[in-house]
Each structure stands twice: as C-alpha cells, then as structure tokens.
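Let's walk through this structure together, starting with its charged side chains and then turning to its nonpolar ones.

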Amino acid sequence: MFKTVEIKKGKDTIQASLDDGVLSAPNKLGKDISEIEVEGKTYKVLDSTIDERDDLIYLTLELPKGSSGAKSNDESSEG
C-alpha cells in the first residue's frame, strides 16, 4: 500500500513514497546509503537503485516481519 512519508538526511526533510518496503525519493540522498530515517524510525537499506531519467532513488528497506511499510486505514470486519 502506497504511503507518503518524510525522510531525514542531516538537517533536511524530504518527501518520499513508501510502498511494500520500497522507498522512492528525489535523488538528493547520494550513493552508498546504509541506513535511512523514515517518520522518526531508522531502517537498514538492503538495496538502492538510481533512476537517472526521473532523477529518483529507490531504496529497498529492511522492515520488521509483518510490516508492509505502510499502514492500512482498513478496519477489521470481525464481529
């Protein structure tokens, strides 16, 4: 599920998109990123790809098991 998030690099805050553990952001983060802070939590970066055409960077994050990287607004229909 797609979610808009804020990431921090130094003192800068950057808007990014998170979808199933893949973070896409403007290519302002540089190369060789090992960790990234998303919404106040630090995640390990497993892989990164730069799309030079759109000047975006895609980061695959190591998320805790059971987490998709985006919170659902759906409520349970149990009852």
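Two salt bridges are found in this predicted model. One joins Asp-51 to Arg-53, with 3.5 Å between the closest N and O atoms. The other partner to look for is Asp-54, whose side chain meets that of Arg-53 in a salt bridge, again 3.5 Å from N to O. Put together, Asp-51, Arg-53 and Asp-54 form a linked network of salt bridges.

Arg-53, in contrast, is exposed, at 69% relative accessibility. Asp-54 is partly exposed, with a value of 44%.

Now for the nonpolar side chains. In soluble globular proteins, these tend to be buried together. Here, the largest nonpolar core is made up of 16 residues. Within this core, the residues with the most contacts are Ile-7, Leu-23, Leu-29, Ile-36, Val-38, Leu-59 and Leu-61. At least two core residues come from each of strand 1 (2-9), strand 2 (12-19), strand 3 (22-26), strand 4 (35-38), strand 5 (41-51) and strand 6 (56-62).

Setting aside neighbours within four places in sequence, its contacts include Val-5 and Ile-7, then Ala-16, Ser-17 and Leu-18. Leu-23 also touches Ile-36 and Val-38, as well as Ile-57, Tyr-58, Leu-59 and Leu-61.

How values were computed: Residues are numbered from 1 along each chain as its sequence is written. This is a predicted model: local features need pLDDT of at least 70, side-chain atom pairs count only at pLDDT 80 or more; totals for chains, interfaces and linings use all residues. Side-chain values use heavy atoms; hydrogens and water are left out. A nonpolar core is a set of buried Ala, Val, Leu, Ile, Met, Phe, Trp, Tyr and Cys residues joined through side-chain atoms within 4.5 Å. Buried means under 20% relative accessible area, exposed over 50%, partly exposed in between (1.4 Å probe, protein chains only). Helices (H or I, at least four residues) and strands (E, at least two) are DSSP runs, numbered from the N terminus. Contact means heavy atoms within 4.5 Å. A salt bridge is a side-chain nitrogen of Lys or Arg within 4 Å of a carboxyl oxygen of Asp or Glu.
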